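Here's a quick briefing for anyone meeting this structure for the first time. Have a look at it, then read on.

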Amino acid sequence: MAEDGKIINCETVASWNEQFHTVKASKKLVVVNFTASWCEPSRYMIPILVELAKKLPDVIFFKVDVDVLKTVTRDFDVEVWPTFILLKQGYIVDRVVGTRKDELQQKITLHTPKV
């Protein structure tokens with residue numbers, strides 16, 4: 001598991017399965033960024049996601065390259081990138097499609113437990 005405040009980059013299906021299995025047991029919100037290295041909107045969102053990960057250490061952030069992890073992309077029914085899937089205990093609780101940084105931040109706030 002990566003340190004708090006970092007984005008976990010899953011580069012193989014095995015690493016995705018291992019990391020996903022670990023976070024399913026957690027009560028933390030998980031944000032999965034489905035992205036492509038060649039996609040300009042995806043590249044636009046990377047620094048925003050990095051900043052969110054630094055500001056929100058109680059949220060777990062994943063990066064999934066749609067060209068590398070095609071089966072994971074299909075499993076989550078992602079057809080447009082960037083797409084952000086918000087999960088709790090392995091279940092989808094929300095989704096943001098595109099470069100809607102304000103909407104993403106609002107949905108993360110909505111689904112993050114208040115401590």
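Glu 103 and Lys 107 join their side chains in a salt bridge, 3.4 Å from N to O (that is, a side-chain nitrogen of Lys or Arg within 4 Å of a carboxyl oxygen of Asp or Glu). The two sit four residues apart in helix H4, so about one helical turn separates them. Keep in mind that this is a predicted model, where local features need pLDDT of at least 70, side-chain atom pairs count only at pLDDT 80 or more, and totals for chains, interfaces and linings use all residues. Residues are numbered from 1 along each chain as its sequence is written, and side-chain values use heavy atoms, leaving out hydrogens and water.

**The charged network**

- Asp 94, Arg 100, Glu 103 and Lys 107 are all linked in a network of salt bridges.
- Lys 107 also pairs with Asp 94, with the closest N and O atoms 2.9 Å apart; Lys 107 is in helix H4 and Asp 94 in strand S5, so this pair ties together parts 13 residues apart in sequence.
- Arg 100 meets Glu 103 at 3.7 Å, N to O.
- Asp 94 counts as buried because its relative accessibility is 17% (buried means under 20% relative accessible area, exposed over 50%, partly exposed in between, with a 1.4 Å probe and protein chains only).
- Arg 100, at 46%, counts as partly exposed, and so does Glu 103, at 24%.

**The sheet and its helices**

- Five strands form an open sheet in the order S1-S3-S2-S4-S5, with mixed pairing (strands pair if DSSP finds at least two bridges between them; helices, H or I of at least four residues, and strands, E of at least two, are DSSP runs numbered from the N terminus).
- At the edges are S1 (7-10) and S5 (91-97), each pairing on one side only.
- S2 (residues 29-35) and S3 (residues 59-65) run parallel, joined by seven bridges.
- Helix H4 (residues 101-111) lies across S2, S3, S4 and S5, at about 160° to S5 (axes are lines fitted to C-alpha atoms, for helices over the stretch in contact, and angles run from 0 to 180 degrees between N-to-C directions).

**The nonpolar inside**

- The largest nonpolar core has 20 residues, and Trp 16, Val 32, Phe 34, Phe 62 and Phe 76 have the most contacts inside it (a core is a set of buried Ala, Val, Leu, Ile, Met, Phe, Trp, Tyr and Cys residues joined through side-chain atoms within 4.5 Å).
- S1, H1, S2, S3 and S4 each supply at least two residues of this core.
- A second, separate core has 14 residues, including Leu 52 and Val 96.

Conventions: Contact = heavy atoms within 4.5 Å.
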